[in-house]
Structures are given as structure tokens and as C-alpha cells.
Amino acid sequence: MGNYEIFILGSLGLLTLIVVTLAIIWRKRFRTMHGMMISMFFGMNVGLTAGVLFGVTYQGDLYFSTILSMTIGILAGALCGFCFGILCVIEGVMAGLMGGMMGAMLGEMIIVNQSINLIKIFLFLSISTIFVITILKSSKGTKIENKRWFLKPVLLSVFIAVYIISGNSFAEESGELMNSKLLCSAR
């Protein structure tokens, strides 16, 4: 596995830890439907990200890439769902399973350069789960006291952009994904 694959998988692991921690801390503020939505959103995006990554890395072996990405999506959705209840676990598991399957199929069908852009998009959507949790935790009657609240999302967005751009340097440094090395040696 190359540096880029390790960077993406490490990012998904760290993100899962952050999302689960936030869900445990703020679980009392969420209704069951909120928990189901967070679990579904997170499980689906992690499954899609891992699916595209493994689909393009193990191109030609759809079975293996599908099983790996479904496992990662199911694990992420279930861990997030455990914080909210059994319905949320089921929702997260099924969304992670579906996202893993779709991501692996998509990764199998596209070329390496296109996959890097899709992985960046799906990683951004996965990271935006933090935004969803923050938005859902605030109650309906909350009023904004000052305009400094705008600073938090802007700083978080800048951090996410810098993080994804620095991850892109791994892809450029290592000369694409692992599969491209296999394709060059086969020719």
C-alpha cells in the first residue's frame, strides 16, 4: 500500500474516532432520528470513500475491493450508530454496506487520476459529518449572540482544505496510487 492509501485510511480512522467521540459526548441532545441520520450520512460517506480507494487500488478484483470497503463502511456506520441505539446501528450498517458496494463499483470503472478527485470529494463529505453533528446539536430556539460564530466554520473549512491538499501531495509524490505501478509493470 502506498502513502496515499495509508493517508486516506488513517484519515477515515481518525475521523471515525472524532465522530464517535462527539456522538458520545452530545448523545443526550439528539433524538433517535438525528442519530439515524448521522449514522447513515457517516457510514455511507466512509463506505464510498473506502470503496473508491480500494476499487481503484485493486482494479480487476472487484470481489476483494467490495468486501474490504463494505467492511469499513459497516464498521464506521455501526460504531457511530452504537452511540444512539439499535435503530441507528441498523441504519449505519446498511448505509455503510451500500456505500462500500457502490464505491467499489465506481472505483473499478474509473481511471486512477479521476479516482483521486473523487476520493477528495468523498473525504470532504465524510469530514463534513462534524458539521452535521454540530448543526443538529443546537436547539431550535438558539439565537446567535455575536458574529464571531462565523469564525468557527470558516477556520474548520480552511483546516479541511489544507488537510486534503496536503494529502494530495502524497498522491503526487508517490506517483499515483498503488494500481498505477502494477499497470506500468504489466506493459
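In the predicted model, the buried residues of α3 are Ser-65, Thr-66, Ser-69, Met-70, Gly-73, Ala-76, Gly-77, Ala-78, Cys-80 and Gly-81; buried denotes a relative accessible area under 20%, exposed over 50%, and partly exposed the range in between, with a 1.4 Å probe and protein chains only. Helices (H or I, at least four residues) and strands (E, at least two) are DSSP runs numbered from the N terminus. Elements covering the buried residues of α3 include α1 (3–25), α2 (32–57) and α4, where a contact means heavy atoms within 4.5 Å. The 21 residues of α3 reach 30 Å from the first C-alpha to the last, close to the 30 Å expected at 1.5 Å a residue; the expected span is 1.5 Å times one less than the number of residues in the helix.

Residues are numbered from 1 along each chain as its sequence is written, and side-chain values use heavy atoms, with hydrogens and water left out. Local features need pLDDT of at least 70 and side-chain atom pairs count only at pLDDT 80 or more, whereas totals for chains, interfaces and linings use all residues.

The protein chain contains 8 helices and 0 strands, in the order α-α-α-α-α-α-α-α from the N terminus. Of its 187 residues, 43% are buried. Among contacts with a separation of 6 or more, 85% join residues 24 or more positions apart. The chain exposes about 10300 Å², of which carbon and sulfur atoms supply 71%; accessible areas come from the Shrake-Rupley method with a 1.4 Å probe, and for residues only the protein chains shown count as cover.

A nonpolar surface patch is formed by Leu-62, Met-98, Met-101, Met-102, Met-105 and Met-109, with about 550 Å² of accessible area together. Patches are made of residues with over 30% relative accessible area and no salt bridge, joining like charges within 9 Å and nonpolar side chains (Val, Leu, Ile, Met, Phe, Trp, Tyr) within 5 Å. A salt bridge is a side-chain nitrogen of Lys or Arg within 4 Å of a carboxyl oxygen of Asp or Glu. Helix α4 (residues 86–109) gives the most to the patch, with 5 residues. Leu-62 lies in helix α3 (residues 62–82) and is partly exposed, at 36% relative accessible area.

The whole structure has 0 disulfides, a disulfide being a pair of cysteine sulfur atoms within 2.5 Å. The cysteine sulfur closest to that of Cys-80 belongs to Cys-83, at 6.0 Å, too far for a bond. For Cys-88, the closest cysteine sulfur is that of Cys-80, at 8.3 Å, also too far. Cys-80 is buried at 0% relative accessible area, and Cys-88 is buried at 0% relative accessibility.
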